[in-house]
Amino acid sequence: MSETTTALKLGQKVPDFELEIYDPVKDDFGKFRLQDQIAGKRWTVVFFYPADFTFV
Amino acid sequence: MGCDIVTVSEDTKFVHLAWRKSEKELANVRYPMGADPTGKVAKMFGVYDENSGLALRGTFIINPEGTLFNSEVNFYNLGRNIDELMRKFKANLYMAKKSNEVCPSKWKDEGDKTLVNPGAKMVGKVHEALKG
């Protein structure tokens, strides 16, 4: 994945990205990949927040 | 509803596991909790705060083709409204099915008034279109 200094723009294709995850349903670690969402024709909501163990 | 949510913070997956298991407020959380300790993904979405190493409160809606449709970013002190997120999500889903309709500002749910085939005939006549 190339480093870019400009943030994504609306209407732009989001470059594929991958995240290590904790999956509460499987109670295990795993991976989230945007390309899997596209392959499955699923909408995706990415929800960033500052830190665990803090207050909403 | 054909949608997946993934939460992301700069914490590692181990911290996510620990938090999910210890905090009762999260007992119903079933979505994957993403770890971005290098900040790579937060930087790509433009929510990485260099001063703190933390991610700002950003929500992004991506359609099934991988196109970014919505973004909302708040500073640390303002939580996002989940009803508003649901509203935006439902609107996106609805308009994906009805490509000739757009959702005006008061749209909340399927069945609310939309603007159908917005075009030259509607210019200057939005009031009538919303009433009719």
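**Strand pairing and overall dimensions**

Strand E1 (residues 18–23) of chain A runs antiparallel to strand E2 (residues 28–33) of chain A, and six bridges join them. Strands are DSSP runs of E with at least two residues, helices are runs of H or I with at least four, and both are numbered from the N terminus; two strands count as paired if DSSP finds at least two bridges between them. The model is predicted: local features need pLDDT of at least 70 and side-chain atom pairs count only at pLDDT 80 or more, whereas totals for chains, interfaces and linings use all residues. Residues are numbered from 1 along each chain as its sequence is written, and chains are lettered from A and ligands numbered from 1 in the order in which they are written.

In chain B, six bridges pair strand E5 (residues 57–62) with strand E6 (residues 68–74) in the antiparallel sense. B:Arg57 stands opposite B:Asn74 in E6(B). This hairpin has five residues between the strands, and B:Gly66 takes a positive phi near 90°.

Chain B comprises four helices and eight strands, in the order β-α-β-α-β-β-β-β-α-β-β-α from the N terminus. Its radius of gyration is 19 Å, well over the 14 Å given by the globule rule for 132 residues, so chain B is more spread out than a compact globule; the radius is taken over C-alpha atoms, and the rule is 2.2 Å times the number of residues to the power 0.38. The C-alpha trace of chain B spans about 55 × 30 × 30 Å along its principal axes.
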